[in-house]
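Please keep the sequence and the model in view while reading.

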Amino acid sequence: MGYGRYLAFRALNSLIVLLVALLIASLAFNALAEKTIEAIINDKVNQVRQQLAQRHVEFINVLKGVKPRLLEWNITAKYKDKLWNCYLFLEDYENGKLGNMSKDDINGVAEQCYLSYIKMREEISWGLNLPGYVRIMLYVWKSLTLDFGEARMKYPQFGTNEIRTMVLIAMGRTALLFTTAYMINVAIAILLGLQMARKVGSPLDRGVSIVAMISASLPMFWVGMLLIYVFTYQLHIYPGVAMEPMPASIKGNILEELKWWLWHLYVPILTIVLVGFGGGAYSTRNLVISIMQEDFVTTARAKGVPERKVIYGHVLKAASPPIVTSISLGFIGTFFGAIISEVVFQWPGMGSLYYLALSNADVPVLMANTFMFVFLFVLVKFLLEIVYGVLDPRIKASR
Amino acid sequence: MIRIDWNEVKKKTREFWSEYRRFKIGLIGLGLLVILVFMAIIPSFIFPPATYYNWNNYPGWEYNPRLAPPEWVNLFSAKKYTPPKTIEPIKVEGLWQYYAEVYIKLNNITDENLKKQVYEVFKQQMAGKGYVYYYEYDFKWDIPSNDLIIIVGNVSTTIKLTLGIQRPPSPYNGKLVSVSLYPAFTTTVTPTIGNVLIHLANSNQLMQVLVKDYISKYENPEIFKNATENNILSANVLSPVTLLFYAPGPGMIYGEQGVTKGVYKFNITVEAANGTLENPPVIKIRIPGSCYGLLGTDFRGRDIFVGILWGSRVALMIGITYAISVVLIGLIYGVVSAYAGGLVDEVMQRINEVLYSIPLLPFLILFAYTIRQLYGTLSVWHIIGVLIIFAWTGLAIVVRSMALQIKEQPFVEAARAIGAGGRRIVFKHILPQLMPYAFASMALAVPGAILIEAGLSFLGLSDPNIPTWGKMIYEAQNSLSSWWWVLSPGLMIAITGMAFVFIGNALDTILNPRLRRL
């Protein structure tokens, strides 16, 4: 019962977080999209103007063709007066009431009218006539249904133009690289942390503690650049990029393929591990030390339980919930650096997609990437909470 | 009214310092911080402010070599890099003097009186027509400069400028050859305010002269033919200035014969295009060299040392503003939430938890990008602002739980019993207990902000005008072989982060046993 309530509460919390985050993001995107769409519409209007000018079309004749729509659309407040005036102008012209105006003047007014009509038509087709909150809700809905549309630019690294597929591919790649590195990191952190806690003040303990402090302030992408410099430029034992088209000769041969991936990914993984293992080991050490001072450990030792069993049985068991917490925090902490490091290694994951979307000013891709990041983050956090609930007996026992 | 007992504060500070002094790591951190603060202050006094707010396009960068390693690499490198040098003319004379001398020489005039007369005639005819400048450059390095800049000071009228070059004698096929190029380069300079810089690195004119009078005569014919066919001998591919320094012989265009060391002589003839030049304009020759300063230059010739110093100011500004704001907001929010209790506490904690669970990075990217698109610019203050909005939450959670425990302590109860008001209890009893933790958190929060700014810069989201360490790394990402450019900003980020982490850890160790265990 206790665990069920805990889960329900966590799930609700995650959902609220997700919605709030999506709402905030949609707010920003609405502002961004408005600006981009306005630019697109202005381009379109200019294009129409130039086309008509090239063909020497009389604007008044074009305007006549769309006369009914001028009335139909005057419901939109923004253009109501303007288009209504245009309608009246057209009526006057057809009734021959504009005798005192020169032909050029008539054509000038007709041009203005026609272009506002085009502008209006475009705005409606982009949904700009809808009120702001409706558009924001629309964004939230689109992101919840993963309906992101097509990318404005081409992204050959992802092999498709459909944003949903693109972002999912990117997410998978990021997860592959990051999870692998993180597993290694966790293993090192726990093993090292336990050793450090067993011999507090030993050279190992001091050394790793200092490494932890130093690596906490290293920019991961910079470490990646240095490693590329050393491994590729100096030692020539790394191809320099994490992703290359796989040669046809090794396709299908699983062992060769695995080797190929390892050959391209070992330096990125090394980068993440190098920056992260110190902090992980240090926090594990602190947790283990505080638990080793507890009475039940002293009791176990007094009973004559072998030291090995005390450490791996009693201490580790009690320390695992806080270790999970600190791992989850560490996970979030290094993720930022890790996805930026993808740019350095040209690994086409979420970080690279961010980089490309930003440099191409591709708002839909940016939007999709942001939403997926939020999903991923909230989901991982929720999963970690589930794990934490399983590990911590107090939650299971509580009502 | 809350009274502060200064003697008490003094005593506490002294006690704290005597404890802090025992932590070696804390002292190292403090020492690093002092150096950093010094680095952040001095650039105001030694660099022009434009190097800061116009970092990308500061005109002074034009005088520097591009992608040049630091000057001290000469201490370790077998091949010596050329340091930058500005050459002043050793002699400036009127053009009439020059022509008179030529005339005297050609006509073999030896009579002193006649000579004087010739001088007089030439002076009357040609005074103010133009001037000749003579320069000497003693070249004694192995890796030559790939640019040569003619710096023309303020000119009031259009002038025609002709450069002549005399190479020092160089051994070729057992004898010494010295090549002179005249005219090596000509151009006209129209009146402008400020210096006009003429870069010879991309001058095809100089290249053609070099090919005709020097390379075609001394290069192996086959190599020469091959190079001409592949269009290698063009200023877009090779710098003519580098070629000028290369010694003659087969493979000379690829520098296989090394360089010719010795005194290079330059002369520049300046003539007024029409009318006269009353005074000779100031003309200097700048050899940008192939190494520069303390930390070298980047691909635009920007002095990395200058960027590093200004960058330390930006980094400290970001880090400290962020740390103070986040800690203050977190402290106030946490304490208020804990002290108010009940429904207020519950609501505040829900809001906090939601904000805390929102991932920071995508929102930073999103807001930085949105600000840049909507307002057309992005400053570090925008980034700090967005960062603060999202980042205070973690601290508020810890502060609240600590404040809750302090609230239940007997001394707070006692204070309440004798009728102390809520504000007095918060300020006099709860906050002072939290201050040590707040200071440690401040120190520990600084590196995060600096790293995040660097990360955003690396995605291209940074203040476009000023130098930041993150932006420097971002720009260096495609020039990894220029280690001096990649290394220094990253090291500075690491050192700054280390300084604060060391201080924070020392503080933490001093304060922890009492507070974290509560």
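How many bridges join strand β1 (residues 85-87) of chain B to β11(B), and do these strands run parallel or antiparallel? They are joined by 3 bridges and run antiparallel. The model is a predicted one, in which local features need pLDDT of at least 70, side-chain atom pairs count only at pLDDT 80 or more, and totals for chains, interfaces and linings use all residues. Residues are numbered from 1 along each chain as its sequence is written, chains are lettered from A and ligands numbered from 1 in the order in which they are written, and side-chain values use heavy atoms, with hydrogens and water left out.

**Strand β11 of chain B**

- Helices (H or I, at least four residues) and strands (E, at least two) are DSSP runs, numbered from the N terminus, and two strands pair if DSSP finds at least two bridges between them.
- Within the pairing of β1(B) and β11(B), Lys85(B) has Ile287(B) as its bridge partner.
- Strand β4 (residues 149-152) of chain B also pairs with β11(B), in the antiparallel sense and over 4 bridges; here Ile149(B) stands opposite Arg286(B).
- Strand β11 (residues 283-287) of chain B is largely enclosed by the rest of the structure, because 4 of its 5 residues are buried.
- Buried means under 20% relative accessible area, exposed over 50%, and partly exposed in between (1.4 Å probe, protein chains only).

- Glu219(B) belongs to the loop between α7 (204-218) and α8 (221-229) of chain B.
- Not counting residues up to four places away in sequence, Glu219(B) touches several residues, including Phe224(B), Gly249(B) and Pro250(B) (contact means heavy atoms within 4.5 Å).

**Salt bridges**

- The whole structure holds 19 salt bridges over all chains.
- One of the salt bridges links Glu353(B) to Arg10(A), with the closest N and O atoms 3.1 Å apart.
- This pair crosses between chains, from helix α11 (residues 342-357) of chain B to helix α1 (residues 2-54) of chain A.
- Glu353(B) counts as buried because its relative accessibility is 16%, and Arg10(A) counts as buried because its value is 15%.
- Glu353(B) also meets Arg350(B) in a salt bridge (3.1 Å, N to O); the two are 3 residues apart in helix α11 of chain B, so about one helical turn separates them.
- Arg350(B), at 30% relative accessibility, counts as partly exposed.
- Through shared partners, salt bridges join Arg10(A), Glu385(A), Glu346(B), Arg350(B) and Glu353(B) into one network.
- Asp298(B) and Arg302(B) form a salt bridge through their side chains (2.8 Å, N to O), and both residues are buried.

**Nonpolar cores**

- A nonpolar core is a set of buried Ala, Val, Leu, Ile, Met, Phe, Trp, Tyr and Cys residues joined through side-chain atoms within 4.5 Å.
- The largest nonpolar core has 188 residues, and those with the most contacts inside it are Phe29(A), Tyr114(A), Tyr322(B), Ile365(B) and Leu434(B).
- Apart from this core lies another, of 53 residues, among them Tyr137(B), Leu210(B), Tyr218(B) and Ile285(B).
- Leaving aside neighbours within four places in sequence, Ile365(B) contacts residues of both chains, including Tyr354(A), Leu358(A), Leu456(B) and Leu459(B).

**Buried positions in the helices of chain B**

- Ala403(B) is part of helix α14 (residues 393-407) of chain B and, at 1% relative accessibility, counts as buried.
- Beyond its neighbours within four places in sequence, Ala403(B) is in contact with Val335(B), Ala338(B), Ile430(B) and Leu434(B).
- Thr370(B) lies in helix α12 (residues 360-375) of chain B and counts as buried at 6% relative accessibility.
- The side chain of Thr370(B) reaches the backbone oxygen of Leu366(B) at 2.6 Å.
- Helix α17 (residues 469-476) of chain B is mostly covered, with 7 of its 8 residues buried; Trp469(B) and Lys471(B) are among them.

How values were computed. Salt bridge = Lys/Arg side-chain N within 4 Å of Asp/Glu carboxyl O. Polar contact = N/O pair within 3.5 Å; in protein donor to acceptor, adjacent residues only side chain to side chain.
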